[in-house]
Amino acid sequence: MDYVSALVPPVVMAVFFIGLVVTIIKSQGGPNKNKEDAAVDAAMARAESGSRTEGA
């Protein structure tokens, strides 16, 4: 029975890790992809414009 208690924690962690990876992969793209890309582009533009005005 010691082998069961030794194997349970790694198996449980592996199941949760696989679930996490599947969730991350499924959340890529989809209907919100354009909105997410636009938000990132806007943040990048703000960061670039802020660094340009500070350096001048």
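Let's start on the surface, where Met-1, Tyr-3, Val-4, Leu-7, Val-8, Val-11, Val-12, Val-15 and Phe-16 form a nonpolar patch with about 940 Å² of accessible area together. A patch here joins nonpolar side chains (Val, Leu, Ile, Met, Phe, Trp, Tyr) within 5 Å, or like charges within 9 Å, using residues with over 30% relative accessible area and no salt bridge (a Lys or Arg side-chain nitrogen within 4 Å of an Asp or Glu carboxyl oxygen). Areas come from the Shrake-Rupley method with a 1.4 Å probe.

This is a predicted model, in which local features need pLDDT of at least 70 and side-chain atom pairs pLDDT 80 or more, while totals use all residues. Numbering runs from 1 along each chain, and side-chain values use heavy atoms, without hydrogens or water.

The protein chain has two helices and zero strands (DSSP runs of at least four residues for helices, H or I, and at least two for strands, E). Of its 56 residues, 0% count as buried, meaning under 20% relative accessible area; exposed is over 50%, and partly exposed lies in between.

Leu-7, from the patch, sits in helix H1, residues 2–27. Leu-7 counts as exposed because its relative accessibility is 52%. At Val-8, shortly before Pro-9, H1 has a kink of about 30°, the angle between axes fitted to the seven residues ending there and the seven starting there. Just after H1, Gly-29 takes a positive phi of about 75°.

Ser-49 is partly exposed because its relative accessibility is 38%.

Methods. Buried means under 20% relative accessible area, exposed over 50%, partly exposed in between (1.4 Å probe, protein chains only).
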